[in-house]
Amino acid sequence: MKISRATVDQWTEIEQFLSNARHVYADAGREDLPDLIRSHIAILGRPGDSGREPICALLIFQREPRPTTLPANAPDREVLRYAAVAPGRSPVTDAVSYTHLRAH
């Protein structure tokens with residue numbers, strides 16, 4: 001599985017993927033996605049290793065400012081704003097794999 005950062009240049013392909021995605025979690029409007037992709041953390045998954053296959057998963061996180069109540073060494077918070085998985089893919093298996101890989 002090839003995992004890479006999404007860019008706004010891929011917006012047409014991302015829109016097409018979202019139109020056909022089977023499992024979608026949305027905590028943002030689709031009109032907000034280009035700005036989220038541009039300014040936060042967006043990850044694409046593609047089957048295979050070439051990076052030329054169609055998108056099979058998308059995760060978009062929005063980084064939040066660290067609250068003053070957290071210790072200085074605590075990590076920044078990132079909120080999942082959008083997640084989508086293609087038909088035939090597992091939201092549990094694939095999304096958890098992407099999140100785990102992103103954390104390392």
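This is a predicted model: local features need pLDDT of at least 70, side-chain atom pairs count only at pLDDT 80 or more; totals for chains, interfaces and linings use all residues.
## A buried arginine

R46 is buried, with a relative accessible area of 6%. R46 belongs to strand β3, and its side chain makes a polar contact with the side chain of E13 at 2.8 Å.

What else is R46 in contact with, once its neighbours within four places in sequence are left aside? The contacts are M1, K2, Q10, E13, G51, R52, E53, P54, I55 and C56. E13, the polar partner of R46, falls within helix α1, which covers residues 11-20.

## The strand around it

Strand β3 covers residues 41-46. How many of its six residues are buried? Six of the six are, so β3 is largely enclosed by the rest of the structure. I41, I43 and G45 point one way from the strand, while A42, L44 and R46 point the other way.

## The sheet

Let us step back to the sheet. It is an open one made of five strands, in the order β1-β3-β4-β5-β2, with antiparallel pairing. At its edges are β1 (2-5) and β2 (23-26), each of which pairs on one side only. Neighbouring strands are turned against each other by 20 degrees on average, direction ignored. As a general point, strands of a sheet pair through backbone hydrogen bonds, either parallel or antiparallel.

β3 has partners that can be followed residue by residue. Four bridges join β3 to β1, and these two strands run antiparallel. Here S4 has L44 as its bridge partner, and I3 stands opposite G45. Five bridges join β3 to β4, again antiparallel. In β4, L58 is the bridge partner of L44.

## Nonpolar cores

In soluble globular proteins, nonpolar side chains tend to be buried together. Here, the largest nonpolar core has 19 residues. Which residues have the most contacts inside this core? They are I14, F17, L18, L33, I37, L58 and I60. The elements giving two or more residues to the core are α1 (11-20), α2, β3, β4 and β5. The largest share, four residues, comes from α1.

Leaving aside neighbours within four places in sequence, L18 is in contact with R30, L33, L58, Y82 and A84. Two of these names, L33 and L58, are also on the list of core residues with the most contacts. A second, separate core has five residues, including I41, L59, F61 and A83.

## Salt bridges

How many salt bridges does a search of the whole structure find? The search finds four, and here are some of them. R81 forms one with D27, with the closest N and O atoms 3.6 Å apart. This pair links distant parts of the chain: R81 is in strand β5, D27 is in the loop between β2 and α2 (33-39), and they are 54 residues apart. R81 is buried, with a relative accessible area of 18%, whereas D27 is partly exposed at 36%.

Another salt bridge joins E78 and R63, whose closest N and O atoms are 2.5 Å apart. E78 is in strand β5 and R63 in strand β4 (residues 57-64), 15 residues apart. Both ends are partly exposed: E78 has a relative accessible area of 28% and R63 one of 42%.

Then there is a salt bridge within a helix. The side chains of D35 and R38 meet at 2.6 Å, N to O. Both residues lie in helix α2, three residues apart, which is about one turn of the helix. R38 counts as exposed at 52%, because the cut-off for exposed is over 50%.

## A loop arginine

To finish, here is another arginine. R89 is placed in the loop between β5 (77-85) and α3 (91-103). R89 is partly exposed, with a relative accessible area of 25%, whereas R46 is buried at 6%. R89 and P47 are 42 residues apart in sequence and 10.0 Å apart in space, C-alpha to C-alpha.

Technical notes
Residues are numbered from 1 along each chain as its sequence is written. Side-chain values use heavy atoms; hydrogens and water are left out. Buried means under 20% relative accessible area, exposed over 50%, partly exposed in between (1.4 Å probe, protein chains only). Two strands pair if DSSP finds at least two bridges between them. Axes are lines fitted to C-alpha atoms, for helices over the stretch in contact, and angles run from 0 to 180 degrees between N-to-C directions. A polar contact is a pair of N or O atoms within 3.5 Å; within protein, one must be able to donate a hydrogen and the other to accept it, and residues adjacent in sequence count only if both atoms are side-chain atoms. Contact means heavy atoms within 4.5 Å. A nonpolar core is a set of buried Ala, Val, Leu, Ile, Met, Phe, Trp, Tyr and Cys residues joined through side-chain atoms within 4.5 Å.
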